[in-house]
Amino acid sequence: VHSVITLQHVDVPRGRALFARLVELVAEGGVAAIQITYGNAGLHSTYGILPDNMRIVPPPPSRDGEDPVMLMSMHSLSELAFLMQSRGIGHFSADFTEHDGSLGVFLYFGKPDVRT
């Protein structure tokens, strides 16, 4: 299972549900590489987490001639780790990513092949 630069553009509740489904789709003996964003590099006082008064809302429509504005969601690594562990993932590794201040990780994990 592979997902890159996708879940960051999905609102958090839907992204959490999609992530859970992607984890469920990993077959025994299969692997996954899923990239998510979790914080903002400029928010030092909150360790990258958006304060409650800065919740991300869907972006306004773009105007003619402008690049479209995209939703950038920050997903909780704690929630995603819980989802992985509760669905049989015993180990994962991660590589950090950063793009224009959006902090992220590539999560690499698999499900053990119980037949071996």
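1. From the N terminus on, the elements of the protein chain run β-α-β-α-β-β. That gives two helices and four strands. Helices (H or I, at least four residues) and strands (E, at least two) are DSSP runs, numbered from the N terminus.

2. This is a predicted model: local features need pLDDT of at least 70, side-chain atom pairs count only at pLDDT 80 or more, and totals for chains, interfaces and linings use all residues. Residues are numbered from 1 along each chain as its sequence is written, and side-chain values use heavy atoms, with hydrogens and water left out.

3. The sheet is open and has four strands, in the order E1-E2-E4-E3, with mixed pairing. Two strands pair if DSSP finds at least two bridges between them. Strand E1 (2–3) and E3 are the edge strands, each pairing on one side only.

4. Helix H1 (residues 12–25) packs on the sheet and touches E1, E2 and E4. Its direction makes about 25° with that of E4. Axes here are lines fitted to C-alpha atoms, for helices over the stretch in contact (heavy atoms within 4.5 Å). Angles run from 0 to 180 degrees between N-to-C directions.

5. E2 and E4 pair in the antiparallel sense over nine bridges. Ile36 has Val105 of E4 as its bridge partner.

6. On the other pairing, eight bridges join E3 to strand E4 (residues 102–110), again antiparallel. Phe92 is bridged to Phe109 in E4, and Ser93 stands opposite Tyr108. E3 and E4 form a hairpin with two residues between them. In the turn, Asp100 has a positive phi of about 50°.

7. Seven of the nine residues of E4 are buried, so E4 is largely enclosed by the rest of the structure. Buried means under 20% relative accessible area (1.4 Å probe, protein chains only). Of the 116 residues of the protein chain, 33% count as buried.

8. Residues 24 or more positions apart account for 68% of the chain's contacts with a separation of 6 or more.

9. The second largest pocket holds about 180 Å³ of space. A pocket is an open set of points on a 1 Å grid over the protein atoms alone where a 1.4 Å probe fits, with protein on both sides within 12 Å along at least five of seven lines. The volume is the space filled by probe spheres set on the points.

10. Lining residues have an atom within 4 Å of a point. Among them are Ile5, His9, Gln35, Met72, His99 and Asp100. E3 gives the largest share of the lining, three residues. By class, the lining has two nonpolar, seven polar and two charged residues.

How values were computed
Nonpolar A, V, L, I, M, F, W, Y, C, P; charged D, E, K, R; others polar. Buried < 20%, exposed > 50% of the residue type's maximum accessible area, 1.4 Å probe, protein only.
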